[in-house]
Every structure is written in C-alpha cells, then in structure tokens.
Amino acid sequence: MANESQISSEVTRINEKWDNPQARDGLFGNILKSVTINRVRDLTAKIEFSWPITAIAGTNGSGKTTVLQLCSAAYIGQQGGRIYKIGDWVRSALGDETPAFSDDSSVTFSFWNDHPTLAIPYQKDRTRWGYPRHGNPARNVEFFGITTFAPRIERKDRLHVFRSKLEVTGSTKFTPALLESISAVLGVPYPDGSMHKVGLPKGTWTDSLPQIKRGANTYGEPHMGAGEQKVIRLIQALEALPQRSLVLLEEPEITLHPDAQRGLAWYLMSLSRRKGHQILVATHSAALFETLPPEGRVLLARTKQGVTVIPRAPAIAAARALSGVAKTNKDLVLVEDAVGQNFLCEILRRHARDLLDNCSVVPVGNTDDVYRMVSRFRAEGVRAVGVRDPDIGDAPADGIFSLPGDVAPETLLLRQENVEAAETFLNGITDAFEKAKLVGLQLTGSRWAKQVFPALAQEMQVPLGMLSDRLTLAWLAKNDGDAKKLVDAMGAALQ
C-alpha cells in the first residue's frame with residue numbers, strides 16, 4: 001500500500017506545479033476555482049477549490065452530492081465526452097415536494113486561469129437555466145456515481161448465466177504502471193493482469209472481464225472481492241480519460257478497507273499530477289479525507305441557518321460535531337487543530353469537568369476559521385467560544401480566547417524541559433525525542449513542531465492523542481495557574 005513517503009512525495013510534486021501559476025495552468029489548464037450556489041436544494045454556499053484534488057465531506061444531507069452535480073455543469077463537453085447540465089440533476093418539484101430551486105436560484109463558477117466568471121441563473125420566464133450562448137469553457141467531464149462499479153456478483157448478468165459457454169475473443173495486458181497503482185491502493189502485489197473481451201459462440205453480445213494474478217492464483221471478476229473489482233475498474237477507467245479532465249467521484253471509498261482508502265487518496269494525487277486532472281470527491285472516509293493536505297479538504301456542516309463551509313478542515317469528525325451541536329443545547333468550543341483540542345480538553349478535565357461534559361471541542365482549521373465559525377454559531381444562538389493559538393491574542397467580546405503560553409501548543413509542549421518533565425508519564429520519551437527531532441532539521445517554529453510531534457508519537461509507539469495528553473500533564477504541573485485563568489474566562493463567556 002502507499003506509505004507516508006509516497007504520499008508526502010506526491011503532495012510535494014503537485015505543489016511544485018500548483019504554486020507556480022505558469023506551470024499550474026500549463027499542467028491543469030482551465031480548472032475550477034470556486035462554485036457559488038444560491039438557493040439550490042436549500043443550499044446557499046461558496047466552495048473554494050484551493051488544490052487540484054478536493055475531498056468534500058459532511059454528514060448526510062449536507063449538500064456534498066449537490067456540489068458535485070452542479071460542478072459537472074461548469075463546462076461544455078469536449079473530445080466526444082458527455083455534457084452535463086444543471087437541469088439534468090435539478091428537477092422541478094413533483095406533487096407536494098418542496099421545490100429544489102426558486103425564481104432567484106443561480107450557480108456561478110470561477111476559474112484559476114483568466115477565463116471570465118460563468119454565471120448561470122434560473123430563468124423563470126423560459127423555465128430553464130440561463131447558460132450563455134457563447135464563450136462557455138470547454139473541458140472533458142466525467143461523473144462516477146456510487147453505482148458505476150457495482151460488484152459483478154450482484155448483477156446476475158449474462159456473464160454469470162452463460163459463463164461455461166463464454167469464449168475469450170481478445171485480451172489486453174495490464175501495463176506495469178496500472179498494476180503498480182492497483183497494488184499500491186490495495187496493499188497486495190498483483191504481478192499480472194489482463195482485460196478480456198468475452199462473448200458467446202453465436203450472436204453479437206460481448207462484455208469485458210478483468211482477470212488478475214495474485215500469488216499463485218489467477219482469477220476473474222466474478223471471483224474478486226468487491227473492493228478488488230472496484231479498484232481495478234475505477235483505475236482503468238480513470239487512466240483512460242483525456243488529459244485535463246474534471247473528474248467527479250461519489251464516495252469511491254465504498255467497499256474499501258481504510259488502508260486502501262488511504263491508498264486511493266495517494267493514487268488520485270498521482271493521477272492528477274500525471275494527467276492534469278482536477279478531481280472532486282464526495283466522501284465519508286476519514287482515511288481518504290485526512291490523507292490529503294489541508295488545502296485539499298472542505299467540510300460542509302448543516303446548521304440551523306443553512307450550510308457552513310469549512311475549508312482546510314483538520315478532521316472529518318468536525319462536520320458531525322458541528323451539525324450535532326446545532327441540534328442540541330451543548331456549548332461549542334472551537335479550536336484550530338487536534339493538538340489544540342487535546343491540550344484544551346486536558347485543561348478542562350482538570351479544572352472544569354462540568355464544562356467539558358457539556359460542550360463539544362471541535363478543531364476547525366486556522367485562526368481565521370475559528371473566528372468566523374464562532375461568529376456564525378453565536379449568531380444562530382449557540383453558546384460558542386473559540387480558543388486559538390496564543391500568537392493572535394484574545395477578543396473576549398467576540399468569544400475568542402487564547403491557549404496558555406506564548407507559542408502554538410505543539411511548540412510549547414515540545415520544549416526540551418517539558419519533554420524531560422513528561423518522562424514521569426511516558427518512560428523513554430526523552431531519548432525518543434532526540435531521534436524524532438531529526439525529521440525537523442532545517443525547520444523552525446510551528447513548522448518544526450508539526451513535523452516532530454507525529455514523529456515522536458511514532459518513536460514512542462503511542463497514539464498522537466496520548467502523547468499530547470502526557471505532554472500536557474507535564475506542562476500543567478508547572479503552569480496550572482495560567483490554565484485556570486483560561487477556564488474561568490471561558491466559563492464566564494458561556495454563561
């Protein structure tokens with residue numbers, strides 16, 4: 001399966017192109033920069049695409065599928081590809097259904113190159129969506145829904161019924177590159193494979209049948225696991241697309257083990273870099289979502305006032321927590337990342353257990369995201385505060401507070417004296433720290449800490465959350481007063 005080194009390498013290689021406008025446009029072409037949706041299926045939101053691969057996550061009903069469907073309509077088809085229109089997806093109401101759109105509904109697309117913004121309003125007088133007559137951007141678009149690669153065994157088609165009578169009428173060997181991608185995603189070596197064309201001795205009916213070799217066994221699609229079949233069919237289809245396509249994938253992780261989901265994220269990055277594709281993925285997979293860099297993650301959280309878009313989300317669980325808190329009387333505490341979450345939870349566990357039991361502490365991204373989300377939830381009547389890294393400062397009137405210390409929590413906790421103090425809670429952490437520091441050579445500040453923190457957890461063979469907890473306990477032993485001040489301020493703001 002794809003390892004951390006392969007994943008990191010793909011991110012770096014994509015960024016080398018993406019961060020250079022000339023190289024970016026040369027590889028990816030006229031790709032989507034944003035979609036602004038106004039009153040379509042009760043969704044009003046603007047989603048920015050800040051990287052060529054974007055995973056869109058959220059609870060059921062948050063609008064992921066709607067975003068994918070509407071994005072498919074941003075281009076006119078080319079090279080013989082299918083043309084998708086908004087009207088193909090968004091239909092008029094039937095009977096007493098709530099209408100999916102209104103007289104003032106619209107969808108607007110912007111692009112990374114200099115192509116003009118494309119605005120598509122609903123035109124009530126013409127009962128249609130108002131695409132411009134000329135100048136629509138062109139790109140090959142391919143939408144892969146959840147039923148695109150349904151397991152063959154569930155179809156009970158001719159290939160099953162007439163299997164003993166089938167003849168192989170042609171074969172195409174899988175290329176080494178294709179086999180390598182399949183093996184990396186599934187974590188199993190497949191040294192050989194072919195796509196057979198099969199048919200009956202009489203008649204014109206034909207079908208395709210993949211066959212692979214694994215170990216000493218060679219077997220075809222009817223004997224594959226659902227995940228094997230899904231990956232083989234999907235990768236083969238994706239590799240055959242024209243350069244610079246817009247690829248839309250609806251929950252491609254279904255039937256895949258979490259390790260294979262991580263492998264799929266790696267493969268999609270590799271594919272995008274090699275072929276210049278822009279890839280949008282609707283997903284419920286934490287493994288896939290969190291394998292992509294923050295630039296490639298978007299969360300949709302449905303709240304009382306609609307859908308809130310969370311760019312650069314650190315974890316997929318935030319969508320569930322944010323959607324859930326809007327329906328309960330729990331307080332909401334927003335932090336930047338998982339280290340800040342663990343740091344604050346340990347402080348609350350010591351000084352305000354009641355507050356901890358009656359709130360959700362949710363990581364939502366950077367300092368600006370914390371401020372924006374707190375403002376949004378407070379406007380909805382939710383008791384919400386934000387606790388950011390200490391470099392920005394407090395804004396108590398807006399419900400914004402700072403974590404204790406003078407630097408980001410991961411940097412604070414990894415100070416040499418604190419690591420040594422944590423030896424009481426994690427035997428051997430000081431020696432492990434010396435080894436972990438090697439991954440942070442040439443880095444400083446929070447960039448250094450963000451590399452060393454997970455490396456230290458790996459050296460200690462403990463979960464990242466456990467490492468954070470133990471380091472926080474060591475810090476609290478000497479800085480309990482500062483922690484108590486934060487808890488008191490938060491409690492007052494949540495009254």
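## Strand 13 and its partners

Two strands count as paired if DSSP finds at least two bridges between them. The structure described here is a predicted model. In this model, five bridges join strand 12 (residues 246–250) to strand 13, and the two strands run parallel. Within that pairing, Leu249 has Val281 of strand 13 as its bridge partner. Strand 3 (residues 53–58) also pairs with strand 13 in the parallel sense, over five bridges. Here Ile56 stands opposite Ala282 of strand 13.

Strand 13 covers residues 278–283 and is mostly covered, with six of its six residues buried. In a regular strand the side chains alternate between the two faces of the sheet. In strand 13, Gln278, Leu280 and Ala282 point one way, while Ile279, Val281 and Thr283 point the other way. All of these residues are buried. Ala282, the residue opposite Ile56, and Val281, the bridge partner of Leu249, therefore belong to opposite-pointing sets, and both count as buried because their relative accessible area is under 20%.

An open sheet of four strands has the order 8-9-10-11, with antiparallel pairing. Its edge strands are strand 8 (167–173) and strand 11 (217–220), each of which pairs on one side only. From one strand to the next, the twist averages 25°.

Strand 8 is joined to strand 9 (residues 192–199) by six bridges, and these two strands run antiparallel. Thr172 stands opposite Met195 in strand 9. Helix 7 (residues 226–239) lies across strand 9, strand 10 (206–214) and strand 11. The helix runs at about 115° to strand 10.

## The second largest pocket

The second largest pocket holds about 260 Å³ of space. Of the 17 residues that line this pocket, Arg39, Val40, Arg41, Asp42 and Leu43 are the closest to its centre. The elements that give two or more residues to the lining are strand 1 (32–40), strand 2 (43–48), strand 4 (101–111), strand 14 (297–303) and strand 15 (306–311). By residue type, the lining divides into six nonpolar, six polar and five charged residues.

Arg39, one of the residues closest to the pocket centre, is found in strand 1. Is Arg39 buried, partly exposed or exposed? Arg39 has a relative accessible area of 42%, so it counts as partly exposed.

## Residues with positive phi

Most residues other than glycine have a negative phi. Arg39 has a positive phi of about 60° although it is not a glycine. Gln442 is also not a glycine, and its phi is positive at about 75°.

Gln442 is found in the loop between helix 16 (429–436) and helix 17 (445–460). With a relative accessible area of 80%, Gln442 is exposed. The cut-off for exposed is over 50%, whereas Arg39, at 42%, is partly exposed.

## Asp96

Asp96 lies in the loop between helix 4 (86–89) and strand 4. Strand 4 is also among the elements that give two or more residues to the lining of the second largest pocket. Asp96 counts as exposed because its relative accessibility is 78%.

How far apart are Asp96 and Lys33 in sequence and in space? The two residues are 63 residues apart in sequence, and 37 Å apart in space from C-alpha to C-alpha.

Methods. Residues numbered from 1 in each chain as written. Predicted model: local features only at pLDDT ≥ 70, side-chain atom pairs only at ≥ 80, totals over all residues. Heavy atoms only, no water. 1 Å grid on protein atoms, 1.4 Å probe; cavity = no way out; pocket = protein on both sides within 12 Å on 5 of 7 lines; lining within 4 Å. Points joined across faces, edges and corners; volume = space filled by probe spheres on them. Nonpolar A, V, L, I, M, F, W, Y, C, P; charged D, E, K, R; others polar. Buried < 20%, exposed > 50% of the residue type's maximum accessible area, 1.4 Å probe, protein only. Axes fitted to C-alpha atoms, helices over the stretch in contact; angles between N-to-C directions. Contact = heavy atoms within 4.5 Å.
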